[in-house]
Amino acid sequence: MMRLPGFRYRAPRTIDEAAAWLADEPATTMLVAGGTDLLPNMKRRQQTPTTLIGLRSVATLADISNGDGLSVGAGVTLSRLVNHPRVRAAYPGLYQAAAQVATPHLRNMGTIGGNLCLDTRCTYYDQNYEWRKSIDFCMKKDGATCWVATSSPKCLAVSSSDTAPMLQALGASVTLISAGGRRVVPVADFYANDGIHYLTKQPGEVMGTVSLPSAEGWRSSYWKLRRRGAFDFPVAAAAVAARLDGRRVDDVRIVLGAVASRPLAATKAEALLKGHPLDDEVIAMAAKTAAEIAKPMDNTDFELVWRKKMVHSLVTYALQEVRGDDMRERRRRIARQLL
Ligand SMILES: Cc1cc2nc3c(=O)[nH]c(=O)nc-3n(C[C@H](O)[C@H](O)[C@H](O)COP(=O)(O)OP(=O)(O)OC[C@H]3O[C@@H](n4cnc5c(N)ncnc54)[C@H](O)[C@@H]3O)c2cc1C
Ligand code: SF4
């Protein structure tokens, strides 16, 4: 059995208190929300903070408020998000993404803030300490070499959050609070394509809220490839948000998940769609163009060439769904690996 190492635990009541404590020792302190990612990582000695700041007693982090859009506290659990009537009605892609994270138990604990800050994943990294030691570790933690691409100057671990690509496609932003002030960052700018430094968030910053713009006129859809339909991290994903005028595409965002160290915007594919009717031919062209930017590596489940091919299919399904096609049978099939 893997045990947690010793650590000091601090429980702030406000975000400002959490930010002030984080500023004391940012290099050795980490925030913990649901703990469903961080605590297993600590057991495997992948992340080794000596102080944890628990966010569960910060009441304001659990707020959800409706305005034109939706403001969701970073501490809102994925279960609450999924059960929020406005999310399902106005942001179906977010509902689909959050509902497919892990299992019901993990969604009861796991938060939207933790999901957005989820550590990147890799076959050579998500192992216990002894396993990692036996290969002399790797660049992401305790070692020098990247075993996925030995000449790579940077870590290529995979962005594996389900909600991150969808929130980027929906045009969401996050509020970051530190001892020095606060700033609002679009989700599109919250990530960097680097498996170690995958967030642009500074170590002293606490995520306060996730703000979604109005969904008026927008449709959205999220499709995910994973080995087990019941639960598994994504190994390829497509998030689409589109505003249609009849069948013509007024505006669209396509973001790929789990094929790089950050969610990837498929801007060339978006440009192909804008101003055109969402017919099969245009969808096929856009899906092909979107798949070209996917760079899956051999560091997660499934064969990488096939994952790249599946990106084409996932983008196709997401675009068909926002067009209004009935995709229920396709969803059932993909959940049962009947591809
Ligand atoms: C078996 C299993 C299956 C899983 N499957 C999936 C899956 O399919 N898809 C998926 O996306 N995830 C999956 N997860 C990962 C995880 O459960 C979720 O991503 C969850 O949403 C993480 O939220 P948390 O609150 O538990 O994060 P924590 O573990 O508490 O924190 C994760 C990270 O976020 C940081 N953090 C948390 N809150 C804040 C904040 N307010 N401000 C700044 N930083 C913050 C922490 O410091 C830490 O670095 C799985 C986990 C397990 C164990
Ligand atoms: S991509 Fe390379 S450096 Fe990054 S976790 Fe995997 S093996 Fe380590």
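1. Basis. In this predicted model, local features need pLDDT of at least 70 and side-chain atom pairs count only at pLDDT 80 or more, while totals for chains, interfaces and linings use all residues. Residues are numbered from 1 along each chain as its sequence is written, chains are lettered from A and ligands numbered from 1 in the order in which they are written, and side-chain values use heavy atoms, with hydrogens and water left out.

2. Cavities. Rolling a probe the size of a water molecule over the atoms shows where empty space is left. Here a cavity is a set of points, on a 1 Å grid over the protein atoms alone, where a 1.4 Å probe fits but cannot get out; its lining residues have an atom within 4 Å of a point. There are 2 cavities of 30 Å³ or more, a volume being the space filled by probe spheres set on the points, which are joined across faces, edges and corners.

3. The largest cavity. Of the 13 lining residues, Cys122, Cys138, Cys146, Val148 and Cys155 lie nearest the centre. The lining has 11 nonpolar, 1 polar and 1 charged residues; Cys, Ala, Val, Leu, Ile, Met, Phe, Trp, Tyr and Pro count as nonpolar, Asp, Glu, Lys and Arg as charged, and the others as polar.

4. Ligand 2 and its cysteines. Ligand 2 is surrounded by 13 residues (a heavy atom within 4 Å), with Cys122, Cys138, Cys146, Cys155 and Leu156 the closest. Cys146 is buried at a relative accessible area of 7%, buried meaning under 20% with a 1.4 Å probe and protein chains only. Cys155 is buried too, at 7%. The count of disulfides (cysteine sulfur pairs within 2.5 Å) is 0.

5. The second largest cavity. About 50 Å³ of space lies here. Its lining includes Asn115, Leu116, Ser159, Tyr191 and Ser261, and by class it has 4 nonpolar, 6 polar and no charged residues.

6. Ligand 1. This ligand has 33 residues around it, and the closest are Leu31, Thr36, Thr111, Asn115 and Asp162. Asn115 also lines the second largest cavity. Among the polar contacts (N or O pairs within 3.5 Å), a nitrogen atom of ligand 1 is 2.7 Å from a side-chain N or O atom of Asp162. Oxygen atoms of ligand 1 lie 2.8 Å from a polar backbone atom of Ala33 and 2.8 Å from a backbone N or O atom of Leu38.

How values were computed:
Buried means under 20% relative accessible area, exposed over 50%, partly exposed in between (1.4 Å probe, protein chains only). On a 1 Å grid over the protein atoms alone, a cavity is a set of points where a 1.4 Å probe fits but cannot get out, and a pocket is an open set with protein on both sides within 12 Å along at least five of seven lines; lining residues have an atom within 4 Å of a point. A polar contact is a pair of N or O atoms within 3.5 Å; within protein, one must be able to donate a hydrogen and the other to accept it, and residues adjacent in sequence count only if both atoms are side-chain atoms.
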